[in-house]
Amino acid sequence: MRPDLKIIADLIKPGARVLDLGCGEGELLAGLQAEKQVNGYGLDVDPANIAICVRKGVNVIEQNLDQGLSNFPDDSFDMVVMTETLQSVRLPARMLDEMLRIGQECVVTFPNFGHWRSRWHLFLKGRMPMARHLPHDWHDTPNIHLCTVKDFERLARDKGLRIIQRFVAGADHRNHPLMSLMPNLFGAIAFYRLGRPERP
Amino acid sequence: MAKHPAHEGSVGIVAPQRVHVPGEFALQCGESLDGFELVFETYGQLNAARSNAVLICHALSGNHHAAGYHAEEDAKPGWWDACIGPGKAVDTERFFVVSPNNLGGCHGSTGPATVNPATGEVFGPAFPTVTVKDWVRSQALLADHLDIERFAAVVGGSLGGMQAMQWAIDLPERVGAAALIASAAKLSAQNIAFNEIARQAITSDPQYRDGHYRSANANPEMGLGLARMIGHVTYLSDFGMGQRFGRELKSGDLSAARDVEFQVQSYLRHQGRSFSQRFDANTYLLMTRALDFFDPAGERGGDLVAALEQARSDFLVLSFSTDWRFSAARSKEIVDALIAARKNVVSAVIDSEHGHDSFLLPLPRYISVFKGYMDRLADAAEAGSADAA
């Protein structure tokens with residue numbers, strides 16, 4: 001399993017109810033179903049992804065995230081996961097609210113636009129950064145809401161969300177010591193485990 | 001057997017079979033039948049572990065002839081030949097497919113056109129009301145006759161999908177997976193309204209004679225044809241009809257305009273006419289009522305989640321973008337309830353311009369998801385069979 005997915009998988013208790021938003025080829029859910037007997041569902045809209053999920057035996061539901069998650073009742077999942085998809089939804093802040101409405105906790109990962117390579121690219125070339133984890137040209141990218149680690153934490157703070165765990169990794173999804181020291185500069189992929197706001 | 005060249009890719013020549021189920025069969029309406037017959041077809045081979053059986057449930061105007069041909073010279077195959085056959089979504093090289101004509105039907109199973117053994121006369125309008133639950137129980141007796149304890153899958157489109165859902169709820173231990181295609185958990189008021197117009201068309205035809213048309217050697221052709229025309233409009237999409245017929249005039253000349261001028265008019269009239277020759281009016285009334293009454297949540301205070309919690313099977317739920325008879329939103333209701341009931345479910349909304357009828361067509365993405373799902377079930381059935389051996 002991809003290292004970042006492995007970290008998420010380790011957070012999930014056996015038999016838990018898991019919703020994976022933008023589940024792609026269903027790697028996380030297939031692993032969780034086999035090893036932890038979770039009751040998991042994945043949402044996606046890409047026909048090729050859906051076909052692959054079906055062949056893997058993953059519970060894949062065709063649903064467009066931008067049409068909202070209002071069909072899911074409050075507290076219907078133990079964990080709601082969204083890997084490298086938050087930056088491509090229309091309303092990311094609203095999405096976080098919804099994830100923590102239907103799930104007790106959530107995990108989000110996103111490409112960190114504050115990574116030194118992005119800054120260097122923009123600084124030196126004066127052009128929108130492209131990299132291994134940001135492969136699209138500006139006019140042809142699904143990533144319409146890119147942010148930095150600092151931006152994200154500011155949003156989480158404004159919303160009063162609990163950051164239970166933070167972790168950054170390189171584009172290879174592996175962590176290196178420097179990244180923990182200066183995550184916004186050296187992390188390519190950011191990973192957050194979030195809880196609902198504490199009641200005052 | 002060598003296949004006729006035109007039958008390549010199909011199950012080839014098939015022949016209907018018949019089972020007589022003796023004894024009293026109590027129906028949900030309170031009445032009962034003194035035994036009944038079902039006509040059915042089978043395709044493929046039942047494996048040693050008897051684990052690869054698939055039940056096909058037909059829709060409103062369907063019958064047991066789902067795949068293959070009855071004779072060399074048949075121009076058209078069975079109604080779901082696009083999805084059932086060697087290498088197809090329901091792969092007859094891997095599954096043993098059972099396809100019955102429902103109780104109350106008019107293609108060989110006991111129904112309104114059958115002679116009532118108690119009176120020696122045709123049942124006609126006296127044939128009791130039959131529900132989807134009754135169909136499930138009668139199909140289970142057919143399964144008993146074939147010595148099939150559990151179906152790897154129960155599969156159906158439209159009203160057939162409703163039977164598959166009822167199977168999963170009523171006989172959970174006998175269903176491995178239920179495939180509900182272009183279906184709904186119950187009819188909307190609009191659906192019932194269209195059915196009512198169809199029924200009124202039939203019963204107001206003077207030839208209907210309060211349902212006793214057979215003894216008078218009559219057939220309410222006009223009414224039945226009109227009912228079919230109404231139904232047919234709801235099976236197609238506005239866009240699809242536009243693509244196919246547009247506003248094309250038959251003669252292309254307004255000065256020569258007569259009664260039937262637009263292509264779509266002559267198409268509908270042809271559909272109505274040919275249907276009225278091959279379908280029984282009382283059966284049409286019975287089938288539309290079964291549709292109207294279908295409501296598995298109703299028994300549990302309207303709680304579809306509670307109803308589906310009874311199921312032990314996995315589910316495939318497919319819908320089509322331009323279907324307005326049972327729209328994608330109706331399938332979504334089923335999917336949401338299945339998730340809340342913690343059932344395994346795969347769901348896709350297939351982009352198609354062909355409306356409700358899409359489920360009958362070999363649309364590449366539809367077949368890819370359907371076949372991908374069924375192939376996994378076949379793998380599991382074969383693994384189970386290897387264990388048993």
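Here's a quick tour of chain B, from its domains down to a couple of its residues. Keep in mind that this is a predicted model.

- Where they meet, domain 1 of chain B puts in 25 residues and domain 2 of chain B puts in 24 residues.
- On the domain 1 side of that contact, you'll find 11 nonpolar, 11 polar and three charged residues.

**The largest nonpolar core**
- In soluble globular proteins, nonpolar side chains tend to be buried together.
- Here, the largest nonpolar core has 161 residues, and B:Val54 and B:Ala178 touch the most other members.
- Skipping neighbours within four places in sequence, B:Val54 is in contact with several residues, including B:Val90, B:Phe95 and B:Val97.
- Also on the contact list of B:Val54 are B:Phe151, B:Ala152, B:Ala153 and B:Val155.

**A look at B:Val335**
- You can find B:Val335 in helix 9 of chain B, which covers residues 328-340.
- B:Val335 counts as buried because 25 other C-beta atoms lie within 10 Å, and the cut-off is 20 or more.
- B:Val335 and B:Val345 are 10 residues apart in sequence, and their C-alpha atoms are 7.2 Å apart in space.
- Again skipping neighbours within four places in sequence, B:Val335 is in contact with B:Val317, B:Val345 and B:Ser347, plus A:Ile61 from chain A.

Definitions and conventions:
Residues numbered from 1 in each chain as written. Chains lettered and ligands numbered in written order. Predicted model: local features only at pLDDT ≥ 70, side-chain atom pairs only at ≥ 80, totals over all residues. Contact = placed C-beta atoms within 7 Å. Nonpolar A, V, L, I, M, F, W, Y, C, P; charged D, E, K, R; others polar. Helix = DSSP H or I, 4+ residues; strand = E, 2+ residues; numbered from the N terminus. Buried ≥ 20, exposed ≤ 12 C-beta atoms within 10 Å, placed from the backbone. Core = buried A, V, L, I, M, F, W, Y, C linked by C-beta atoms within 7 Å.
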